[in-house]
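Student: Could you walk me through this structure, one feature at a time?
Tutor: Gladly, let us take a look together.

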Amino acid sequence: MLDRLPARFVHQVWGSEVWYESSAATPILVKFISTFDNLSVQVHPGDEYARLHHNCAGKTEMWHILRARPGARIAAGFKTPISEETLRQSAKSGDIEDLLEWHAANPGDTFFIPAGTVHSIGGGLVLCEIQQCSDIVYRLYDWGRRPPLHFERAVEVSRREPHTPRRDVVDCDYFTVRHHRVQDPARLGPAEVAVVIEGDGKLEGQPVRAGEVWHAGRENACFEADGHFTALTVSVK
């Protein structure tokens with residue numbers, strides 16, 4: 001039986017987030033993120049480092065862009081490989097903004113951000129984020145708003161190299177995310193979670209609409225879908 005996940009609103013200095021957390025032991029977190037300003041330049045640790053220092057999982061994530069103002073962009077990785085000392089000094093001076101690789105972000109784009117990838121989300125975006133169920137953030141630079149959090153740890157876990165983030169399908173060690181456009185009766189899955197990002201219709205006979213996240217309550221479920229809507233399905237590994 002499908003379970004619609006409750007929404008929790010989180011306000012940030014750069015915008016807002018809506019979190020959808022499952023009461024089941026599902027190791028992913030779904031967020032809708034709206035930005036009016038840049039997020040900090042940040043990095044998330046991988047599993048081994050996070051377990052050692054925080055006794056929890058790391059954070060690999062992906063973003064699917066829903067809306068974007070003209071010129072909106074995201075940063076992921078660096079233009080060229082850099083040294084640890086260059087990373088440290090550029091983060092302190094603010095020059096890191098010019099070393100990062102910035103990518104145009106348009107509705108329908110999908111970006112994959114594995115743990116260790118230095119990244120930022122620019123202003124003027126609405127996106128769906130699917131991630132490991134962890135929220136450890138090490139900030140390298142925050143545009144003068146606040147001091148970095150765990151700066152040296154950020155330097156320690158960062159990959160200091162280029163990264164190609166664009167994906168059609170995100171398939172990693174933690175989850176697989178697929179994009180579906182429903183216009184006729186269809187079967188979505190196998191997956192545990194369905195995120196409705198546009199339109200409305202039915203899943204397993206239940207009315208659904210954009211902005212809702214549904215959990216199947218079992219592994220490798222198939223969702224019987226009907227209506228006119230777009231969804232992301234998430235298969236958890």
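**Reading the cavity and the rings**

Tutor: Strand 4 (residues 28–35) gives the most to the lining of the largest cavity, with three residues. Strands are DSSP runs of E of at least two residues and helices runs of H or I of at least four, numbered from the N terminus. This is a predicted model, where local features need pLDDT of at least 70, side-chain atom pairs count only at pLDDT 80 or more, and totals for chains, interfaces and linings use all residues. Residues are numbered from 1 along each chain as its sequence is written, and side-chain values use heavy atoms, with hydrogens and water left out.

Student: Which rings make an edge-to-face pair with Y49, and why does the pair count as edge-to-face?

Tutor: Rings of Phe, Tyr and Trp (its six-membered ring) pair if their centres lie within 6.5 Å; planes under 30 degrees apart are stacked, over 60 edge-to-face, the rest tilted. The whole structure holds three aromatic pairs. In one of them, Y49 and Y138 have ring centres 6.3 Å apart and planes at 80°, so the pair is edge-to-face. Y49 lies in helix 1 (residues 47–54) and Y138 in strand 12 (residues 138–141), so the pair ties together parts 89 residues apart in sequence.

Student: Is Y138 buried or exposed?

Tutor: Buried means under 20% relative accessible area, exposed over 50%, and partly exposed in between (1.4 Å probe, protein chains only). Y138 is buried at 0%, and Y49 is buried at 14%.
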